Amino acid sequence: MLVLVAPGQGAQTPGFLTPWLELPGAAARVAAWSDVIGLDLAHYGTQADADEIRDTSVAQPLLVAAGILSAAALGDLAPGAVAGHSVGEITAATFAGVLDDTAALTLVRKRGLAMAAAAAITETGMSALLGGDPEVSVAHLEKLGLTPANINGAGQIVAAGTLEQLAALNEDKPEGVRKVVPLKVAGAFHTRHMAPAVETLAKAAVELTPADPKVRYVSNRDGQSVATGAEILERLVGQVANPVRWDLCMETFKELGATALIEVSPGGTLVGLAKRALPGVKTLALKTPDDLDAARELIAEHGVA
């Protein structure tokens, strides 16, 4: 059984969209999306530097566009399940047929702008904890007033909060944690600091008409499969201010009997987690179009093409 997944913010690197735009029809498709959302996706995906694409309002639509584009290059396929990490959930919603491309790009553009605005209210950030016991780390973070914003499985937890709280964490690490690594993100995503963005997204969601998923959609909220488009959209709205439980998503993949996992562009992060948490599951990251042939072979063996 094949699982198709989409990465979240932080996966982007300068120029990563360049080879994908060389595929037939890709440049025209991206240009059309750019016109709709008022953002030059081709420029940011090919010429912008790391600081420019770190901007939340740029990074999020860029990631969704790349995910849709790279998945389309695989041709028609019917995975056993789809999921996305954080903003990747919007990409996954297109895989499941819940949102069309235009609706997804419109929603993610509003999401990125709203989260950037929320992040500007208070100086906040995120840091990854390396090593340690998850239960011990979560309790320690809560004691410091921090939120375990991403519980990613494979021993990986990301803390989020104010810069002062993160500085305190650096000085007072949980028992067993080897290192605290600041992440290059613009705010404390998936925490109470994002509450203003939830309100904005709720208004944007009213304008959309989601379809029910055609394939199993696994949610970041609790790792559960969601059966209706309306509930998926409701979860996409609330998710920006609530922790990402990718660990529970991977538990669901295991329970469903997943045998292969493909991560769309810019792939790598979720494949790395799967290699540690899902032993025996074959994995592949779509980094460039050079990976498409290997992906199609995996689909032929584990999925329905």
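**Legends: overall fold and sheet views**

View 1. With 305 residues, a compact globule would have a radius of gyration near 19 Å, and the chain agrees, at 18 Å. The model shown is predicted. Along its principal axes, the C-alpha trace spans about 50 × 45 × 35 Å. Secondary structure amounts to 13 helices and ten strands.

**View 2. Burial and contacts in the chain.** Of the 305 residues, 55% are buried. Take the contacts between residues at least 6 apart in sequence: 73% of them join residues at least 24 apart.

**View 3. Surface and charge.** The chain has an accessible surface of about 12500 Å². Carbon and sulfur atoms account for 52% of that surface. The chain carries 23 positive and 34 negative charges. Their mean positions lie 3 Å apart.

**View 4. The six-stranded open sheet.** Strand order is β8-β7-β2-β1-β9-β10. Pairing in this sheet is mixed. The edges are β8 (225-226) and β10 (282-285), each of which pairs on one side only. In general, strands of a sheet pair through backbone hydrogen bonds, either parallel or antiparallel.

**View 5. Close-up of the β2 and β7 pair.** Strand β2 covers residues 81-84 and strand β7 covers residues 216-218. The two strands run parallel. Two bridges join them. Within this pair, Ala81 stands opposite Arg216 in β7. In the sheet order, β7 sits between β8 and β2, and β2 sits between β7 and β1.

Note on methods. Residues numbered from 1 in each chain as written. Predicted model: local features only at pLDDT ≥ 70, side-chain atom pairs only at ≥ 80, totals over all residues. Heavy atoms only, no water. Pairing = 2+ DSSP bridges. Helix = DSSP H or I, 4+ residues; strand = E, 2+ residues; numbered from the N terminus. Rg over C-alpha atoms; globule rule 2.2 N^0.38 Å. Buried < 20%, exposed > 50% of the residue type's maximum accessible area, 1.4 Å probe, protein only. Contact = heavy atoms within 4.5 Å. Areas by Shrake-Rupley, 256 points an atom, 1.4 Å probe, with all protein chains shown as cover. Lys, Arg positive; Asp, Glu negative; His and termini not counted. Charge placed at Lys NZ, Arg CZ, Asp CG, Glu CD.
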